[in-house]
Amino acid sequence: PPPAGVRSPLQWGVESGVADLFGAGVQSMAVQSREFFFRYRSAAQWLDVFRMFYGPTHKAFGALDAPTGRDLARDLLALAEAHNTSTVGALRVPSDYLEIVAITTS
């Protein structure tokens, strides 16, 4: 569980829980679903970047022995390819996110 007073990141992108994260000082809030496209030369390049620079992926691979790390890499590459919408041999994976603009009192 997160430390006391820290809300779960799983609530950050859920419209029903977002107002609670900002607290009582919110005057108005606009919430809109958006789409982001992960774009890489290949699934392998995407995985290399995430293994090196994205903390949770970096830590996960760092905690695994070599055979298990290879299994995880194989599974992640298969998942990326399963969601790949590119028609030119690159990697293009759509991802939904929640854009939130909140106006607060000072």
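Trainee: How much space lies in the largest pocket?
Mentor: About 180 Å³ lies in the largest pocket. Please keep in mind that this is a predicted model.

Trainee: Which residues line the largest pocket?
Mentor: The lining consists of Phe38, Trp46, Phe50, Leu76, Leu79, Ala80, His83, Leu91, Val93, Pro94 and Ser95. Two or more of the lining residues come from each of H2, H4 and S2.

Trainee: Which element gives the most to that lining?
Mentor: Strand S2 does, with 4 residues.

Trainee: How does the lining divide into nonpolar, polar and charged residues?
Mentor: There are 9 nonpolar residues and 2 polar ones in the lining, and no charged residue.

Trainee: Phe50 keeps coming up. Is Phe50 buried or exposed?
Mentor: Phe50 has a relative accessible area of 16% and is therefore buried, since the cut-off for buried is under 20%.

Trainee: What is Phe50 in contact with?
Mentor: If neighbours within four places in sequence are left aside, Phe50 is in contact with Phe38, Tyr40, Thr57 and His58.

Trainee: Where does Thr57 lie, then?
Mentor: Thr57 belongs to helix H3 (residues 55-62). Its relative accessibility is 15%, so Thr57 counts as buried. Beyond residues up to four places away in sequence, Thr57 touches Phe50 and Arg51.

Trainee: Staying with H3, what about Ala60?
Mentor: Ala60 is also placed in helix H3. With a relative accessible area of 32%, Ala60 is partly exposed. Its C-alpha atom is separated by 9.2 Å from that of Leu72, a residue 12 places apart from Ala60 along the chain.

Trainee: On to the rings. How many aromatic pairs does the structure hold?
Mentor: It holds 4 aromatic pairs. One of them joins Phe36 and Phe38: the ring centres are 5.0 Å apart and the planes stand at 85°, so this pair is edge-to-face.

Trainee: How is a pair of aromatic rings described in general?
Mentor: The description rests on the distance of the centres and the angle of the planes.

Trainee: Are Phe36 and Phe38 buried or partly exposed?
Mentor: Phe36 is partly exposed, at a relative accessible area of 42%. Phe38 is partly exposed as well, at 25%.

Trainee: What kind of pair do Phe38 and Phe50 form?
Mentor: Phe38 and Phe50 form an edge-to-face pair, with 6.0 Å centre to centre and 65° between the planes. Phe38 lies in strand S1 (residues 26-40) and Phe50 in helix H2, so the pair ties together parts that are 12 residues apart in sequence.

Trainee: Which residues do ring pairs link into a cluster?
Mentor: The cluster comprises Phe36, Phe38, Trp46, Phe50 and Tyr54.

Technical notes. Residues numbered from 1 in each chain as written. Predicted model: local features only at pLDDT ≥ 70, side-chain atom pairs only at ≥ 80, totals over all residues. Heavy atoms only, no water. Contact = heavy atoms within 4.5 Å. 1 Å grid on protein atoms, 1.4 Å probe; cavity = no way out; pocket = protein on both sides within 12 Å on 5 of 7 lines; lining within 4 Å. Points joined across faces, edges and corners; volume = space filled by probe spheres on them. Nonpolar A, V, L, I, M, F, W, Y, C, P; charged D, E, K, R; others polar. Phe/Tyr/Trp six-rings, centres within 6.5 Å; stacked < 30°, edge-to-face > 60°. Buried < 20%, exposed > 50% of the residue type's maximum accessible area, 1.4 Å probe, protein only.
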